[in-house]
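Reader: Let's go through the side-chain contacts in this one. Start wherever you like.

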Amino acid sequence: MRAAIGFCLSLGLAVWAPVVLASPIERGGPLLPVTPRPIVAEDQWNALVLKALAGDAKAATTVGRAYARGSDPDRDVPEAMRWFSRGVALGANEARRELGLLLLRGDGTPRDPEHAASLLRQAADAGDAEAQAALGVMYANGEGVPQDWPLAIDWSRKAAAQDNPWAEANLGLYLQTGRAGPPDLAQAAAWYRRAANQGFALAEARLGLLYEDGTGVRRNPAQAFSLYLSGALKNNPISERLLALAFRDGIGVPANQSEAIAWLKRSAELGDAESIYLLAEIYEQGSGVVQDKQAAWRYLLDAAERRHTLAAARVGLAYATGTLGPGADHDAAVHWLNRAVDQATNELASESEEAGSYRSHQLALARYRLGVLLLAGDGASRDVPRAVELFQYASDHDCALATNQLGQMYRTGIGVARDEAKAVSLFQAAANAGSGAAAFNLAEAYAVGEARPRSTAMALQWYRRSAALGYTDAWFALGRAYEEAIAVAQDDNEALTWYQLAGNNGSVAAQLRLGDVARLGELGQPRNDGVALRWYRMAAGRGNAVAEERIGDLYWNGSSATARDSTEAVRHYMIAAKRGVASAQRKVALAYANADGVAADDAKMLFWARQAAEKGDGEAAALLGYAIMIGVDGSYDYVEAATWLTLAVDSAHNGPWRDRAVEISRTVQGELTPAERAAYNARLAHRRTLLVGGQRADFADGSGREPSDKHFTEPDSALN
């Protein structure tokens, strides 16, 4: 795999890359012919209509063209179709061609490519050059007919033989891009020149590009500029855009940024999506204009709405990351990313994508981001198989983010067969391409033995590589390595340095550890509750429930930074409890039991004690069993009480809690009847199975280790 360029490594930077007008100059695909609006004097209009009504096929077609093109009379597509249909019924090939083109474009009427193909084929067989040129385009694009390049070229040659400039320009394109065999740039230039000599602006533009690059002709920037100018003066938007770029880059003319922007705006006003896109870049970067990101966003969205593929990709990425425009909107992101991917796929049928280009990387990134949304079911229904396809395509096109994501899927077996060796290979490729996340995953693989042989030294090497790439989890991992002497000598100062680097850059695990270090006076640091509170609040601000519990402990116990405030403590405990932290649920239960920080409430006490006990919290199990035994809920259910008290003995830490649970458990079991003892044994076995089967709560602090609260004083126990 080739090394992935940085566009695919940072979503934030990838949305607005610092590229000044760097979009490729598109040759565009083959274009359908457009016949001009007929000029009919006002005093002749009624006579023309009467002639058409009398059965004149040519008059009926002319009336239809007038309605189809608009101006005078006003544009009226249904009326145009009515007159074209009349012309077809009267046997006019021109009417067949015009109605076919209208149905093919779907301009003001639903598209019907199959009907269009039938009409155009009839006109083409009768020798109509424009119909022949149009049929060539349909075979090239596979619209209404199966895609067939030989037929596309054959029909284009027939029309070109009649000096049809659209066909000549399209035939030149086929020769240039190798659709008619090996690319023949000299012949392409010859066909472009034939059309250009008829004043055909599109051919002038394409011939100008050959003169600019010196391909198929001798390089002549002045001739290129002259051709662009000629087309621009005919109000051709592509020529206007190329003229703008000539002024920008000084091609055949002194560079002039203001002229470049003026011509781009003229082209944009005529609807050229590429010019609109280029204006978005100009205003985003402030290149020759006052920087205006709102204007940039409007231009970008306008280009996307005009089916500019790269613009659609960037709009989708902006909505996915919330870095531009109105902010994050995953529904909108899925819409635009889907559009970009679909358009890019269709474009690949007629022209290959330039490997390693900015456009290629942005489209790979769009596929990756769409895959992420589909994998999560965020903004669209979850679709794991399609996500895998998108990740694979993006990975094949040098997107290291996608390569790393594929590695994660092979590691976990989501969407693909689980394959640790494949996962490690993908992590290695993405890490070598500069992905810090992949380097971290590779380090973890060496640490746990997924990468063989298991090696803490290799893990440390990749943690260092990941850290050098700015991946915060690697900074935390290095801190842990120095604290716990994993493949390095133990070094408190080094550990603290890495933890602080990670914590200050948003690592919740590091923020929690630094809070503990300050609260407990570890790693050679003096105890400092104020510093601890600051770190815990940083972690809580990132939505971490364990940090909320830690803050609650500081308020419950009172400290140099906080006076004892059980109400505030319970408020923080409750946040953590509602997010499933078992120890916080137990502390809330005790607060309700003791009316400390909240009003006494036996029902709420039982609810929270049960929540914690079902996650394997021994102290909560003891509280729950005792409360049921004494009939707090009115049940006096000795079987249930004995079950929870025994579970408390199983899992509670040694100390007064466990000793009291042992004593009460024996007392309760001694009161059980034989039938109750059988029920107790069955219930106990079931509960133990649930706990062993994974019901015990995990503390998601990001460190992979259950945070200890043994250093904090518990709320007063109801068992005392």
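Reader: Tyr67 first. Buried or exposed?
Author: Tyr67 counts as buried, at 16% relative accessibility. Buried means under 20% relative accessible area, exposed over 50%, and partly exposed in between, with a 1.4 Å probe and protein chains only.

Reader: What sort of model is it, and how are residues numbered?
Author: It is a predicted model: local features need pLDDT of at least 70, side-chain atom pairs count only at pLDDT 80 or more, and totals for chains, interfaces and linings use all residues. Residues are numbered from 1 along each chain as its sequence is written, and side-chain values use heavy atoms, with hydrogens and water left out.

Reader: How many aromatic pairs in the whole structure?
Author: The search finds 12. Rings of Phe, Tyr and Trp (its six-membered ring) pair if their centres lie within 6.5 Å; planes under 30 degrees apart are stacked, over 60 edge-to-face, and the rest tilted.

Reader: What is the geometry of Trp45 and Tyr67?
Author: Edge-to-face, because the planes sit at 75 degrees, with ring centres 5.8 Å apart. Trp45 is in helix H2 (residues 42–53) and Tyr67 in helix H3 (residues 57–69), so the pair ties together parts 22 residues apart in sequence. Helices here are DSSP runs (H or I, at least four residues), numbered from the N terminus.

Reader: And Trp45, buried or exposed?
Author: Trp45 is buried, with a relative accessible area of 16%.

Reader: What about Trp166 and Phe200?
Author: They pair edge-to-face, 4.8 Å centre to centre and 70 degrees between planes. Trp166 belongs to helix H9 (residues 165–177), while Phe200 is in the loop between helix H10 (185–196) and helix H11 (201–213), so parts 34 residues apart in sequence are tied together. Trp166 and Phe200 are both buried.

Reader: Which residues make an aromatic cluster?
Author: Phe440, Tyr463 and Tyr471 form one.

Reader: Charges over rings. What lies over Trp155, and what over Trp556?
Author: Lys158 lies over the face of Trp155, 4.2 Å from the ring centre. The charged end of Arg564 is over the ring of Trp556, 4.7 Å from its centre. The test is NZ of Lys or CZ of Arg within 6 Å of the ring centre and within 35 degrees of the ring normal.

Reader: Switch to salt bridges. How many?
Author: The structure holds 38. Each is a side-chain nitrogen of Lys or Arg within 4 Å of a carboxyl oxygen of Asp or Glu. Among them, Arg519 bridges to Asp529, with the closest N and O atoms 3.6 Å apart. Arg519 is in helix H27 (residues 508–520) and Asp529 in helix H28 (residues 529–541), so parts 10 residues apart in sequence are tied together. Both Arg519 and Asp529 are buried.

Reader: Where do Arg571 and Glu568 lie?
Author: Both are in helix H30 (residues 566–578), three residues apart, about one turn of the helix.

Reader: Last topic, H5. How many of its residues are buried?
Author: 10 of the 13, so H5 is largely enclosed by the rest of the structure. Its buried residues include Arg97, Glu98 and Leu101.

Reader: What do they pack against?
Author: H3, helix H4 (77–89), helix H6 (113–125) and helix H7 (129–141). Contact means heavy atoms within 4.5 Å.

Key
Helix = DSSP H or I, 4+ residues; strand = E, 2+ residues; numbered from the N terminus.
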